[in-house]
Amino acid sequence: MTHWAILSGIDGNLSAYEAVLADLKRVRYPIEALYILGDLVGPHPQCEALVQRVRQPRRGELEPQVCLGWWEEQCFNLHGMGSDPEATELLAQIGPDGVEQLWKSMSRQTVQWLRSLDFGFFEFDCLLIHGSTVGCHDLLTPDTPPMQLLDRLLRADANTLFCGRSGLTFHLKIPEGAVTSTVTTLDAPAQTMTQTVRDRQIIGVGSVGKEPGKATYTLYSPYTNIVSFRTVRYGTQGKGFGVG
């Protein structure tokens, strides 16, 4: 029985990424694919070294499949390649000092490589993405209204949505049912449409680098639909792992 390893939110933290790679070697079943769902980079002094590590896996390691995240989009803005050259959202979140740190954390060549990344991945009936098809900024959590979660699934026609924007690990199931919607216009009678919805699920994959000394990520078997969350402790916080 093989699994996918699904990561997000490394945020430039090479030490955390190495801890997860070491943990994957302890997993008792084969890992056939390694996904990084955005926020590979961040305002971290190890950022440039992390990118090179990801781009050049060692012998016997899987080549990570990486898609864009919120931090990648902010890098594009800083380098005049994004939709917000003033980086207003970034400034509001981390301030001028944080912006300067992000600018210094990676080379122009690395930013150019980030531009080549996919927006997300569709494998079998699964969408793997940082936020959702709405955008990298789209924050899905256990508190997101069910109809909004269902909307994100229906937009992609996916049965399972893996997302990393929140940095949380969660597993939300939407049972089979019917959704009825009505469209009313000024010049036509109201039109009602009923859509049958299959069992679907949304999975928050955790964050590798957000919390110092603690990395969380997800294992998923596309053949059995089994989801498990793993926690890896590393560095001065102690070593070990666990399954959620």
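## Charges and rings in a predicted model

Residues are numbered from 1 along each chain as its sequence is written, and side-chain values use heavy atoms, with hydrogens and water left out.

**Salt bridges**

- The count comes to 9 salt bridges.
- One of them joins Glu-18 to Arg-53, with the closest N and O atoms 2.8 Å apart.
- That pair links distant parts of the chain, Glu-18 being in helix α1 and Arg-53 in helix α2, 35 residues apart (helices are DSSP runs of H or I, at least four residues, and strands are runs of E, at least two, numbered from the N terminus).
- Arg-53 is buried at 9% relative accessibility, while Glu-18 is partly exposed at 25% (buried is under 20% relative accessible area, exposed over 50%, partly exposed in between, using a 1.4 Å probe and protein chains only).
- Asp-138 and Arg-152 meet at 2.6 Å, N to O, and both are buried.

**Aromatic rings**

- A search of the whole structure turns up 7 aromatic pairs (ring centres of Phe, Tyr and Trp, its six-membered ring, within 6.5 Å; planes under 30 degrees apart are stacked, over 60 edge-to-face, the rest tilted).
- Trp-4 and Phe-124 are stacked, 6.1 Å centre to centre with 5° between the planes.
- Trp-4 is buried at 2% relative accessibility, whereas Phe-124 is exposed at 57%.

How values were computed: This is a predicted model: local features need pLDDT of at least 70, side-chain atom pairs count only at pLDDT 80 or more; totals for chains, interfaces and linings use all residues. A salt bridge is a side-chain nitrogen of Lys or Arg within 4 Å of a carboxyl oxygen of Asp or Glu.
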